[in-house]
Structure formats: C-alpha cells, structure tokens
Amino acid sequence: MSIDYVFFDFRDEHFSALYRAWLISHKLSANRNGKLQLSTYKAQQLDYIIKSPRAFKRACHFLSGAISSQNIPDTLYNIDGIFSKQFAKKDFLTKLLQLCRMGILELVKEDTQTLVKCLIPPPPSSTEFQSHLESQILSIKGLVTKSEPVVDQLILGA
Amino acid sequence: MDSKPSLIISELILMGVTGTYNASFRSGLNIIRGSMDSGKSTILHMINYCLGGSNKKILYDEVTSKVRSIFLEVKLNGRTFTLERPLREQNSAVKVYSSDFANRGEVFPQFMSADPSGKMPDGWLSDFILEQLGIARVKIKESANRVDADEDRLSFRDLMKLMFLKQTDVGSDALLDFKSQAVFHKNVAVQKFVYNIHDERLAGLQTQRKLENEILKQLKQSESTLAKFLTEVGIPLDEFAFGDKIDAAKSQIHELDSATQKLKSDFEFNSKAALELRATISALRGELDSKSSQIKVAKKRIEDFAKLKSTYRIELDNIQLSKLARPFLANTPQDKTIACPLCSTELEIASQAIPEEDINAVERSVKNKIAGLDQSIKISMERIDVLQVEFSSTEKLIQQHTQIFDANNLSSISPLISLIETAEKAKVQAHIELSSLKKNLSIFRKYSETQDKINSKLTVISNLDQVIRNVESGLTGVDDIIAELRKIFAAYITLSGVQNVHSISYSKQFVPSFRNISYYDHLSGGVRTVMSIGMYMTRLAYALKHVCNIPPFLMIDTPGQNIGRKKNPDDDNTVSDPAIYETIYSQLLSIVDLANETGQECQIIVVDNDFPDILATAPGEKKYHLVKRFQKNNPTYEKGLIHDA
C-alpha cells in the first residue's frame with residue numbers, strides 16, 4: 001500500500017472530498033430563484049464545517065438552537081485551527097478547479113467575488129451515507145446568506 | 001436489783017506500725033505459758049494498763065519499737081466495751097468504745113482520763129468502770145484510827161490490787177503495801193467495802209445514796225433533753241430502726257452496684273456490637289464508592305469508544321463516498337498541478353486518492369474496527385449493568401445495616417446510658433443516705449450511752465440501798481464475814497499440801513494466819529506463796545458465793561514461786577513441793593467449777609513458765625483455755641508476744 005492508513009484523513013481523500021465539494025455546490029450554489037449565491041470561499045467554509053463535527057455542532061446550535069445540536073456525536077478529530085492555514089484555502093480551490101475541468105462546475109466572476117455554478121448534478125442519493133451528507137449540507141444552508149467573517153467566527157468557535 | 005459485778009477480758013490487741021498482735025481470752029481458767037523473757041507478764045501488765053494502770057513495766061524496746069496503741073475488749077456486767085490507750089502517753093485520753101473491737105468505727109468513743117486529776121470530757125476511767133460494774137463510788141477513810149483521817153474516793157485501781165497478784169507480790173512480805181501502813185490501812189478499808197462491812201459508815205452511805213440520786217436525776221434530765229432534741233431533728237430513738245435502715249441502704253447500694261455492673265457490661269457489649277456494625281457500614285460504603293467509580297470508568301470508556309466509533313463512522317462514510325464517486329469522477333485530471341483562472345497561478349493538487357486496489361480492504365478494515373468497538377461498548381455496558389446491580393444491592397445492605405445501627409442505638413444504647421446514669425445517681429444518693437444514717441446512729445449511741453449510765457446508776461443505787469438496809473438491820477456482821485473468809489481459807493490451806501496445818505484464823509485486817517503465825521510473819525517463802533495465792537483465791541471464792549463489791553476476776557503472775565518443781569524419788573507424793581504446785585492449779589480449777597455450778601462467769605488468767613501435770617493430763621474436756629504458748633527455737637509456737645521482733 002502506498003498510503004499510511006493509520007494517519008490518513010479519509011475526509012480529505014481525493015474522491016470523497018471532490019464528491020463533497022460537488023454536492024455542496026449542487027445543493028447551495030443557487031437560491032430558489034436560480035440566482036448564484038455561493039462564493040468559492042463560502043463553499044470552502046461550509047466544506048470545513050461539514051468535515052468538522054465540532055464546527056458543525058456549533059453551526060447547528062447557531063442556526064437552530066441547542067436542541068438541534070444535541071444528537072451530533074462527539075468524535076476524536078482535533079483539527080481546530082488547521083483551517084487558518086493558507087494552503088487549505090488553495091487546496092479547496094484546486095478541488096473546485098478539478099471539478100470545473102471535468103465540466104461539472106463553473107466558476108462565475110461576479111463583481112468582487114467568484115461564485116460557484118453547478119453544471120451537472122451528482123448522482124442521486126441511494127445510500128445512507130449519501131443522504132446523511134446531503135442532510136448535513138441542507139442543515140447549514142442558512143449560513144450561505146451569512147457574511148464570511150460571521151462564518152469564520154463560527155468555525156473558530158469564538 | 002441485786003446484781004453482782006462481772007469483768008471478763010475478751011481480747012487484747014496491740015496495734016503496731018507493721019501489724020497487730022492479739023491474745024484472746026475466755027471465761028474460766030486462761031493459761032499463758034512459755035519460756036522466761038518471752039513477754040508473758042507483759043500481757044497481764046498491758047491488761048492492767050488498759051484498765052487504768054501504769055505503763056512503766058511494758059515500755060521495753062521490743063514493745064516500743066512495734067506497738068503504738070493497746071486495745072482491750074472487755075465485758076463489764078455483760079456489756080462489751082473496747083478500751084484504747086496509746087502505749088507511751090499515759091496522760092493521753094483513754095478512748096472507750098461502746099462496742100467490740102471490730103465495730104469500734106461505728107461509734108463515737110468517750111474520752112476519759114486514766115488518772116483522777118486528769119481533765120477529759122467524759123471523766124475518769126475508774127469511775128466509768130465502777131459505774132459499769134454497778135459499784136458505788138464511796139469514800140474510803142485512809143486511816144481507821146484517826147477520826148480526822150482524809151477520805152479518798154474508791155477507785156477501780158484499789159479493787160485491781162485485790163484481783164492482780166503480781167510476780168513480785170506472790171509470797172511477798174510486802175503484799176498489799178504492808179510496809180506502808182497508810183496504804184495498807186486504805187487497802188483494808190477497801191476490802192471492808194468489798195465485803196460490805198460498813199461499821200460506822202451509815203451516814204456516809206446515806207450521803208452517797210443522796211449524791212447518786214442527784215446524779216441520776218441529772219442523767220434523766222439530760223436524757224429527756226437529748227431525746228427531745230433527737231426527736232426534733234428526726235433521729236429515731238430506736239437502734240433497731242437504724243439497723244434496718246442501714247441494712248436497707250447497704251443492700252440498696254449493693255443492688256445498685258451489681259445493676260450498674262450489669263448495665264455497663266451490656267453497654268460494653270452493645271457498643272462493641274455497634275462498633276462492629278459501624279465498621280461493616282463503612283466497609284460497605286467503601287465498596288459502594290469503588291463500585292461507583294468503576295461505573296464511572298466504564299461509562300467514560302463507553303464514551304471514548306463512542307467517540308472513536310463516530311470517528312470511524314465518518315471515515316467509513318468518506319470511504320464509501322469515495323467508492324460511490326469514483327465512476328462519476330473517473331476522468332479527474334491526473335496532473336500534479338492545475339491552473340487557477342482567478343489568480344493565474346499553478347496550484348498543486350495535494351489530495352491523495354485511495355488506490356482502487358486498496359479501497360475495499362480499507363473499507364473492511366474500518367468496518368471491522370467499528371464492529372470491534374461495538375463489541376467493546378457492549379461488554380462495557382454489560383459490565384455497567386452488573387456493577388449497577390451490585391451497587392444497588394450494596395446500597396440496600398448499607399440501608400439495612402444503618403437501620404439496625406440506628407435501631408440498636410435508639411433501643412439499647414441510649415436507654416442504657418440513661419439507665420446507667422440513673423443508677424449511678426441513685427447510688428450516690430444511697431451513699432449519702434448511708435453516711436447520714438451512720439452519723440445519726442453514732443449520735444443515737446451517744447444518747448443510748450446516757451441511758452446506759454442511768455441503768456448503771458440504778459444498779460449502784462440499788463446496791464447501796466441493799467447495803468444500807470443490811471447495815472440498818474445489822475444483818476451482816478463483821479464477824480460473820482471474817483468467819484466465812486476463814487472457812488474458805490481453811491479449806492484451801494488444808495488441801496494445799498502444806499504440812500502442820502492448824503490454828504487457822506483470819507484477822508480483821510483480812511490477813512490469814514495458821515500455826516498461829518500471820519502471813520507476814522511466816523519465814524518460809526514457799527508457805528507465803530501458798531498463803532498469798534490462798535488470800536486471793538479466798539476473795540475470789542467469796543465473791544462467787546456472796547454479794548460483794550468485786551468482780552470474780554483474778555490475774556496471777558507465776559504462782560509456783562519458791563516452790564520446788566523437781567521431783568525427788570523419795571518424795572511423798574502428797575506433801576512434796578511438786579504436789580503443792582499441782583494442788584494450786586487443782587484449787588483454781590475448783591473455783592472455776594464453783595462458778596459454773598452457781599451459774600456465774602468468772603475469769604482467772606495465770607502466767608507461768610511451768611505447766612502442771614494436772615492440766616496436761618486433765619481427762620475429758622479441756623479445763624482451761626491456752627491463750628499463748630511462747631517457746632524459743634520451736635516453730636510450732638510463737639517465740640514471744642512480739643513474735644516478729
């Protein structure tokens with residue numbers, strides 16, 4: 001095996017990470033009226049929140065109150081702080097670019113920001129883990145309209 | 001109310017620094033025998049000292065180094081008294097307890113002086129003894145011839161001279177102070193009183209009668225005052241009531257003692273049980289704590305397992321997403337970098353893909369881990385279940401034990417403590433009651449002493465009345481009494497074994513003669529010995545036969561003086577010296593027989609270094625009481641009076 005699976009973070013595995021970025025883009029890039037609303041940075045923020053159970057818990061608590069976050073199980077991940085690193089930002093951007101190259105997404109420049117547009121929908125949810133990811137994404141949908149610094153604060157746990 | 005005086009010594013006790021020495025006596029013949037210098041005579045002199053005599057003869061080293069006080073338990077007209085005198089201090093008070101030696105602590109003693117000029121709260125010892133013997137304290141003229149002769153009051157010491165034949169007096173030509181005419185005449189006067197010869201003394205007797213009556217009146221008055229006082233302060237005038245109450249208090253104290261003892265042992269038992277119970281409870285609590293922390297640990301482990309499981313779950317989700325996404329993203333660019341249209345730079349593609357050939361194995365591995373965790377969580381939960389069951393059963397046990405402990409405490413220990421407290425309080429109360437009763441009893445006894453004095457005084461008065469009656473009616477003449485004394489003495493001297501007994505007479509000075517030679521004029525020491533003992537025995541026999549003013553009591557120190565004790569083979573057995581010696585004892589025994597026949601108590605105490613065959617071979621019942629036998633170099637007997645000197 002070429003990978004040391006003991007220390008391998010499966011959340012950043014190539015295909016699963018691409019799939020997550022695709023699904024986020026598909027579910028959240030446009031509002032009900034079809035207007036693009038998801039910036040590349042916001043997409044990265046949301047991806048991080050979904051990956052990190054603690055941040056996700058905080059987000060749920062922020063959006064829907066304590067009760068909604070009660071049943072989210074604790075995990076042993078400790079990745080708070082990694083987010084601030086510059087390469088992570090670029091890392092996510094490369095994922096979006098790879099999806100663009102495959103013709104799945106398109107990055108649309110609008111005013112000062114670059115918005116994500118999903119061209120091809122991902123395969124429909126047929127498994128439990130797909131639906132789980134989908135429901136996670138939908139549960140933090142409210143963050144799309146929040147400003148990026150607000151979401152940053154949420155991620156940092158401040 | 002003709003009562004004869006009686007004096008019986010019961011016990012002599014020497015109280016010393018390191019111990020006590022005692023000698024017991026009985027009525028009848030008492031013998032003290034032993035080697036020379038062993039303290040035999042000391043016993044007689046100590047008796048004499050307690051009865052008011054001098055301590056001159058008893059103050060020698062062995063005694064003074066060991067003895068502090070001398071006690072004499074004596075019966076005077078049937079009533080028991082204990083006289084206490086310090087050995088050295090002749091002038092100190094003689095303490096008189098109206099009880100036996102053992103119970104002297106229960107009574108207040110009377111303090112008396114041994115000497116007529118001494119000042120003590122309860123007067124002169126001699127007066128007390130005479131009073132108790134029922135003998136009137138008459139005045140004795142010191143000279144029979146001079147009309148203006150001084151008169152002196154009769155003292156018990158005067159009577160003692162007639163009852164104690166000292167070693168130096170046996171056979172002495174100075175017997176009864178013959179060499180000092182004034183004292184000799186007084187002794188004669190005393191003997192006249194003893195034999196109730198009251199020639200020209202009627203007036204004196206009547207004066208005495210009046211005086212005694214006056215004293216009686218005073219005594220009665222003080223008795224009624226005392227009785228009134230005692231009634232007012234609530235002290236019962238009945239000794240039996242005291243006895244019962246004291247017995248009741250003592251038995252109450254005894255009962256309370258055993259009750260508290262039992263309560264205390266119950267308490268000890270209960271508190272021991274309680275302690276054990278408490279130890280059990282605390283052990284159980286410790287167990288409970290340990291269970292609780294085990295449960296906590298197990299819960300924490302489950303929590304950790306759950307976290308790990310969620311983490312693996314996320315990993316598995318991602319692996320499965322990766323598997324799912326692969327066909328749709330199969331044409332992912334394989335380049336190492338990708339051009340960024342936004343920043344116009346080449347971005348490095350950092351993400352790693354699980355190789356196709358690994359993905360199933362990785363998925364299985366994670367699934368296995370999750371399954372393993374599930375198993376661990378299950379085991380831990382089961383462990384928690386078990387622990388929780390144990391926890392609640394321990395909790396239940398604690399509850400039960402605590403209930404028992406509380407119940408035990410409530411039902412036994414607390415009431416026990418209060419019972420013990422109550423019992424102890426009652427005991428203190430009973431002790432207070434007892435000591436107050438004892439105090440009251442002592443006060444009461446003081447009161448009853450007054451009653452006794454009244455009774456003695458009544459005896460004295462009645463005896464005086466008798467004497468006065470006799471004198472008035474001229475019933476008992478001097479000649480009759482002298483004749484009776486002569487008769488007794490004649491019988492004695494005839495039986496004594498002395499040869500040529502004839503022409504026996506008794507002078508009006510109470511001096512016997514035979515062969516027409518008076519006692520004082522006989523040359524033979526042996527004859528004087530026999531006669532002197534005869535004079536004392538005559539008096540004793542007379543006292544047993546007639547009413548007179550002396551108790552039937554006699555102490556003789558070494559009666560065998562001047563009489564040869566060694567038998568010669570050619571001796572005539574009936575007239576030899578040893579036979580005379582034996583006869584002295586046989587005559588002493590006849591006097592004891594006479595007392596027994598007339599139903600009277602008499603006491604003869606003889607000290608001797610020899611021992612007559614008649615006592616050693618006395619058939620049947622023992623005829624004498626051996627008070628002491630001192631013998632040096634024989635461990636069976638004490639070596640002397642102070643046996644550890």
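Visitor: Hi! Which exposed residues does the face of α7(A) turned away from its buried side carry?

Guide: Hello! This is a predicted model, and in it that face of α7(A) carries P149(A) and V150(A).

Visitor: And which residues of that helix are buried?

Guide: Helix α7 of chain A covers residues 148–156, and its buried residues are V151(A), L154(A) and I155(A).

Visitor: Why do they end up on the same side of α7(A)?

Guide: Those residues span an arc of only 100° around the axis, so they sit on the same side of α7(A). As a general point, an α-helix has 3.6 residues a turn, so residues three or four places apart point the same way.

Visitor: Nice. What covers the buried residues of α7(A)?

Guide: The cover includes two helices of chain A, α2 (40–51) and α3 (53–64).

Visitor: How do α2(A) and α3(A) pack, then?

Guide: Their axes are 5 Å apart and meet at an angle of about 110°. Angles from 65 to 115 degrees count as roughly perpendicular, which means α2(A) is roughly perpendicular to α3(A).

Visitor: Which residues make that contact?

Guide: From α2(A) come Y48(A), I49(A) and I50(A), while α3(A) brings A55(A), F56(A) and A59(A). By type, the contact of α2(A) with α3(A) has six nonpolar residues, no polar and no charged ones.

Visitor: Let's zoom out. How many helices and strands are there in chain A?

Guide: Chain A has seven helices and two strands. Along the sequence they come in the pattern α-α-α-α-α-β-β-α-α.

Visitor: How much of chain A counts as buried?

Guide: That would be 35% of its 158 residues. Looking at contacts in chain A with a separation of 6 or more, 62% are between residues 24 or more positions apart.

Visitor: New topic: how many residues does the contact take from chain B and from chain A?

Guide: Chain B puts in 35 residues and chain A puts in 36 residues.

Visitor: Which elements give two or more residues to the side of chain B that touches chain A?

Guide: Those are α7 (239–325) and α8 (356–473) of chain B. Of the elements there, α7(B) gives the most, with 15 residues.

Visitor: And how do the residues on that side of chain B divide into nonpolar, polar and charged?

Guide: On the side of chain B that touches chain A, 21 are nonpolar, nine are polar and five are charged.

Notes:
Residues numbered from 1 in each chain as written. Chains lettered and ligands numbered in written order. Predicted model: local features only at pLDDT ≥ 70, side-chain atom pairs only at ≥ 80, totals over all residues. Buried ≥ 20, exposed ≤ 12 C-beta atoms within 10 Å, placed from the backbone. Helix = DSSP H or I, 4+ residues; strand = E, 2+ residues; numbered from the N terminus. Arc of directions from axis to C-beta. Contact = placed C-beta atoms within 7 Å. Nonpolar A, V, L, I, M, F, W, Y, C, P; charged D, E, K, R; others polar. Axes fitted to C-alpha atoms, helices over the stretch in contact; angles between N-to-C directions. Parallel < 35°, antiparallel > 145°, perpendicular 65-115°, else oblique.
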